[in-house]
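Try each task yourself, then follow the solution step by step.

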Amino acid sequence: MAKEKVAPIVVWLRHDLRTDDNPALAHAAETGRPVIPLFILADENAPVRPYGSAHKWWLHHSLKSLSASFAELGSRLALRRGDAFAVLGDILSKSGATAVYLNRRYGPEATSVDGALEERFEGIDIQCFDAALLHDPDRIKTGSGGFYKVYTPFMKSVSAGLGELRHPIDAPSRLVAPEHFPVSESLDKWGLLPTAPNWAGGFEAEWTPGETHAQERLSHFCDELLAGYSEGRDRPSEDLTSRLSPHLHFGEVSALRALTMAEEQADRRKSITGTDRQTFRRELIWRDFNHHLLYHFQQLGSKNFNQRFDTLKWRDAAADLEKWQKGRTGYPIVDAGMRQLWQTGWMHNRVRMIVGSFLTKDLLIDWRKGEAWFWDTLVDGDEANNTSQWQWIAGTGADAQPFFRIFNPVKQSRDFDPGGDYIRSFVPELSKLPDKAIHAPWEADDDTLRQAGVALGETYPKPIVDHGEARDRANAAFQATR
């Protein structure tokens with residue numbers, strides 16, 4: 001057999017830590033050639049955004065799970081740390097590999113790294129596949145040939161093409177191993193897990209990273225939670241959302257697999273309404289929309305999409321920011337959300353909107369400071385979703401809610417956590433308050449507070465801002481940008 005027929009293929013894995021529906025891996029396996037699965041942990045000088053602390057915890061466990069999956073396929077996952085070009089060059093040189101297969105990324109690194117591969121490795125077969133999204137950002141265009149800045153027409157355009165999507169690709173049953181595997185670094189020595197102290201104890205109780213659990217969670221969602229999803233997803237006190245976001249972020253399950261399984265289950269069960277089906281589908285398309293925006297506006301994480309807000313006078317309020325981060329604002333629904341984030345690395349989406357509005361409107365603190373905190377503390381902190389969502393909440397982004405539309409945190413709390421169960425879960429010092437008092441304890445009478453063991457300003461903080469006054473301040477700052 002000619003040398004090029006048996007030369008290995010390097011499959012460079014990034015945000016696609018799975019064997020199922022992984023086009024780069026599947027196409028490499030189909031060739032019958034030896035396959036070298038590779039993950040590179042970028043060094044601090046790489047032109048990619050460094051992982052947040054919560055990301056690192058998840059990444060460690062996800063890579064450990066993926067290594068076991070490759071072992072079952074008769075292969076190994078090579079782990080390397082450093083400059084991506086230098087690592088690839090070393091692997092190619094020492095293994096004799098003549099091809100690199102990879103799945104597309106859509107953020108700034110797609111241009112700075114992925115786009116330069118063919119130039120840097122002349123003579124190497126570089127093949128890039130679509131794997132992360134339901135749409136191709138290069139192909140979905142407006143009638144004028146530009147990119148979409150409004151979700152609804154984008155959603156309609158993507159929805160119209162869903163029938164043309166490829167079918168998910170099953171994981172290969174076996175991989176051909178190279179004669180000699182590249183030297184792999186020790187995952188444990190990468191130091192991704194927190195120590196002294198181990199602040200991830202709540203993460204361990206909440207999550208099981210890895211492709212196996214991602215598939216289990218998807219199955220559970222489709223079997224048990226998709227029926228009623230359109231209404232249940234707004235109740236933070238109950239486990240009624242898909243909770244697939246960190247699995248999607250790390251690519252432990254593909255959006256296409258999630259959509260396909262949900263659609264198949266909806267076809268089988270009458271209890272899953274058309275609204276339930278459509279709501280989940282639109283959630284996946286909203287994720288696509290965020291990546292679409294980042295692909296076409298790669299400063300999304302650092303610059304206002306709507307330049308009008310470049311003149312908005314944000315407050316420099318470090319003490320208020322810290323109280324928000326620690327869940328000590330005096331607004332129970334906000335504090336519950338921020339404590340859930342710290343304890344579990346995740347926050348219910350409805351509550352994300354509430355705490356985001358509180359930071360950017362009630363406290364008038366720059367959305368970028370909130371986005372940076374989420375990036376470090378969220379296990380699902382995604383560069384596209386996180387930045388786009390913060391700009392949407394702040395009113396500075398594409399198709400954003402108007403800046404002057406300011407969530408009333410007490411009303412939101414009463415609407416979406418009427419019994420106060422979510423608040424009681426994460427703000428236990430208020431747990432004995434009656435339902436009608438728990439949303440705004442400062443409005444309760446002294447007897448109610450005393451019987452519940454609540455002393456405002458001592459056992460629980462007083463509100464750090466009056467919502468009505470804060471709303472007026474925010475609107476004044478907005479008017480000043482005209």
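**Exercise 1.** Find what covers the buried residues of helix 2.

Solution. Begin with the cover: it includes strand 1, strand 2, helix 3, strand 4 (99–103) and strand 5 (125–129). Contact here means heavy atoms within 4.5 Å. Helices (H or I, at least four residues) and strands (E, at least two) are DSSP runs, numbered from the N terminus. Next, list the buried residues of helix 2 (residues 23–30): Pro23, Ala24, Leu25, Ala26 and Ala28. Buried means under 20% relative accessible area, exposed over 50%, and partly exposed in between (1.4 Å probe, protein chains only).

A note on the model: it is predicted, so local features need pLDDT of at least 70 and side-chain atom pairs count only at pLDDT 80 or more, while totals for chains, interfaces and linings use all residues. Residues are numbered from 1 along each chain as its sequence is written, and side-chain values use heavy atoms, leaving out hydrogens and water.

**Exercise 2.** Which residues stand opposite Leu38 of strand 2?

Solution. On strand 1 (residues 9–13), which pairs with strand 2 in the parallel sense over 5 bridges, look for Trp12. Two strands pair if DSSP finds at least two bridges between them. Then turn to strand 3 (residues 78–82), also parallel to strand 2: the bridge partner there is Ala78.

**Exercise 3.** Which residue forms a salt bridge with Arg233?

Solution. A salt bridge is a side-chain nitrogen of Lys or Arg within 4 Å of a carboxyl oxygen of Asp or Glu. The partner is Glu283, with the closest N and O atoms 2.9 Å apart.
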